[in-house]
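Let me put the structure up, and then I'll talk you through the parts I looked at.

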There are 2 protein chains.
Amino acid sequence: MTGPATRTRRSDATRAAILRAARERFAADGYDRATIRAIAADAHIDPSMVMRYYGSKEGLFAAAAEFDLHLPDLAEVPPDRLGETLTRHFVRRWEADGTLVALLRAAATNPGAADRMRGIFAGQLATAVARSGADPATAERRAGLVASQILGLALTRYVVRLPPVVDLDPDELAAWVGPTIQRYLTQPFPPSRASGR
Amino acid sequence: MTGPATRTRRSDATRAAILRAARERFAADGYDRATIRAIAADAHIDPSMVMRYYGSKEGLFAAAAEFDLHLPDLAEVPPDRLGETLTRHFVRRWEADGTLVALLRAAATNPGAADRMRGIFAGQLATAVARSGADPATAERRAGLVASQILGLALTRYVVRLPPVVDLDPDELAAWVGPTIQRYLTQPFPPSRASGR
DNA sequence: GTCTATAATTCGATAGAC
DNA sequence: GTCTATCGAATTATAGAC
């Protein structure tokens with residue numbers, strides 16, 4: 001009963017508390033303003049513990065910014081509902097977990113965070129788009145356009161907090177932004193105004 | 001001829017040099033990382049001069065973040081070319097002047113900068129949209145949606161630097177993003193998937 | 001008007017007691 | 001494993017000489 005397996009290791013709880021506090025602080029304040037001292041205070045531990053467990057502020061951020069978009073397999077989504085599905089997914093995902101907003105805030109000033117953001121969208125999003133039926137030759141470009149609208153939505157809704165964007169509910173967002181994403185994914189290529197090639 | 005009116009006052013040149021350097025530093029590094037020392041070094045003056053002229057770092061930023069989108073009168077733009085016109089205008093505007101990118105970077109972590117960003121888009125953009133022929137009752141919402149795509153484009157192209165977005169030239173941007181802006185401005189309201197009301 | 005010197009904070013990181 | 005104490009560096013801001 002008192003063996004090492006039954007006694008929950010304090011360090012695990014401490015590590016988890018630090019990570020949770022770090023995500024909140026990084027999301028709320030960005031990389032620079034989020035201090036190790038403040039994160040430690042939120043987690044009710046000593047600042048030196050953060051250093052002990054994560055080595056440095058960079059290391060803590062790297063651990064806190066692990067992020068899986070949990071994108072659905074777009075090959076199994078009805079082709080005419082790709083935009084709506086993706087829009088609703090993103091809104092749900094980042095309202096349930098502030099990590100992506102933290103990453104977005106940090107990416108504005110921290111090169112490492114910007115690099116990680118590029119990695120997420122090049123890896124996870126571009127990969128998902130490639131499975132949506134898009135021509136592989138254009139998939140990366142389409143993913144970039146999708147990112148421009150999706151991240152712009154996150155920026156205006158959660159960071160800058162533009163009132164008209166904050167006020168939209170998920171259904172309205174899907175109705176307005178969904179068709180944009182749909183067009184970026186399915187519009188014949190190239191979409192030049194002179195139409196032809 | 002040698003009166004005070006003909007002799008260019010040194011202080012004016014110094015103030016202008018400080019402001020120019022501040023815009024570049026704020027754009028490149030964001031509010032926190034852009035230091036008064038670095039700005040002063042860029043302007044080849046002493047850091048204390050910055051304090052003398054602008055009072056504080058906040059005051060300097062406030063002066064450097066004055067920004068006029070120079071939006072055209074949308075009442076004079078052919079209604080079917082609103083999206084393309086606006087998209088090209090924004091790309092041209094912020095590639096000629098890094099102030100908006102500076103403001104965007106700063107807004108990610110600095111509440112004052114976010115407030116200013118809201119002011120610009122509520123004031124200048126919403127006002128322009130209201131003159132585009134949009135129903136006044138929906139103009140603010142349409143402006144918010146336009147902002148979400150336009151700022152997302154700036155974010156992915158100039159801050160995060162997603163390669164596929166960076167690689168698009170102005171013509172391609174107008175062809176891809178223009179229709180999005182056009183739809184946000186002219187799509188009948190509401191755009192629900194269930195179409196009718 | 002311009003610069004030197006420095007005050008007053010605050011931060012990340014380290015050393016070491018317990 | 002956890003905390004106290006503190007270092008060294010960097011920052012904004014101020015005081016005052018010239």
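Quick definition before anything else: when I say "domain" here, the bounds come from an automatic or database domain assignment. And please keep in mind that this is a predicted model.

So, with that in place, chain A splits into domain 1, residues 10-64, and domain 2, residues 74-186. Their centres, taken over C-alpha atoms, are 27 Å apart. The two do touch: 12 residues of domain 1 of chain A contact 11 residues of domain 2 of chain A.

What does UniProt say about chain A? An unreviewed entry there puts "domain: HTH tetR-type" at residues 12-72 of chain A. In the model, that stretch of chain A is 74% helix with 0% strand, and 31 Å lie between its end C-alpha atoms. The UniProt record, again an unreviewed entry, also lists a "DNA-binding region" at residues 35-54 of chain A. For residues 35-54 of chain A I get 75% helix, 0% strand, and end C-alpha atoms 14 Å apart.

Now for some helix packing. You describe two packed helices by the angle between their axes and the distance between the axes.

Let's start in chain A, with helix 7 (residues 111-130) and helix 8 (residues 136-159). Their axes sit 9 Å apart, at an angle of about 120 degrees. Roughly perpendicular stops at 115 degrees and roughly antiparallel starts over 145, so helix 7 of chain A counts as oblique to helix 8 of chain A. The crossing of this pair is right-handed. On the helix 7 side of chain A, the contact includes A:Met117, A:Phe121 and A:Leu125, and across from them helix 8 of chain A brings in residues including A:Arg142, A:Val146 and A:Leu151. By class, that contact has 11 nonpolar residues, no polar ones and 1 charged.

Over to chain B, where I picked helix 5 (residues 82-96) and helix 10 (residues 170-186). Here the angle is about 125 degrees and the axes are 6 Å apart, which means helix 5 of chain B is oblique to helix 10 of chain B. This crossing, helix 5 with helix 10 of chain B, is right-handed. Helix 5 of chain B contributes B:Gly83, B:Glu84 and B:Arg88, among others, while helix 10 of chain B contributes residues including B:Asp171, B:Gly178 and B:Ile181. The class breakdown for this contact in chain B is 9 nonpolar, 5 polar and 3 charged.

That's my bit, so over to you for questions.

Notes. Residues numbered from 1 in each chain as written. Chains lettered and ligands numbered in written order. Predicted model: local features only at pLDDT ≥ 70, side-chain atom pairs only at ≥ 80, totals over all residues. Heavy atoms only, no water. Axes fitted to C-alpha atoms, helices over the stretch in contact; angles between N-to-C directions. Helix = DSSP H or I, 4+ residues; strand = E, 2+ residues; numbered from the N terminus. Parallel < 35°, antiparallel > 145°, perpendicular 65-115°, else oblique. Left-handed = near helix turned anticlockwise from the far one by under 90°. Contact = heavy atoms within 4.5 Å. Nonpolar A, V, L, I, M, F, W, Y, C, P; charged D, E, K, R; others polar. UniProt positions renumbered as here; feature names shortened; annotations may be inferred.
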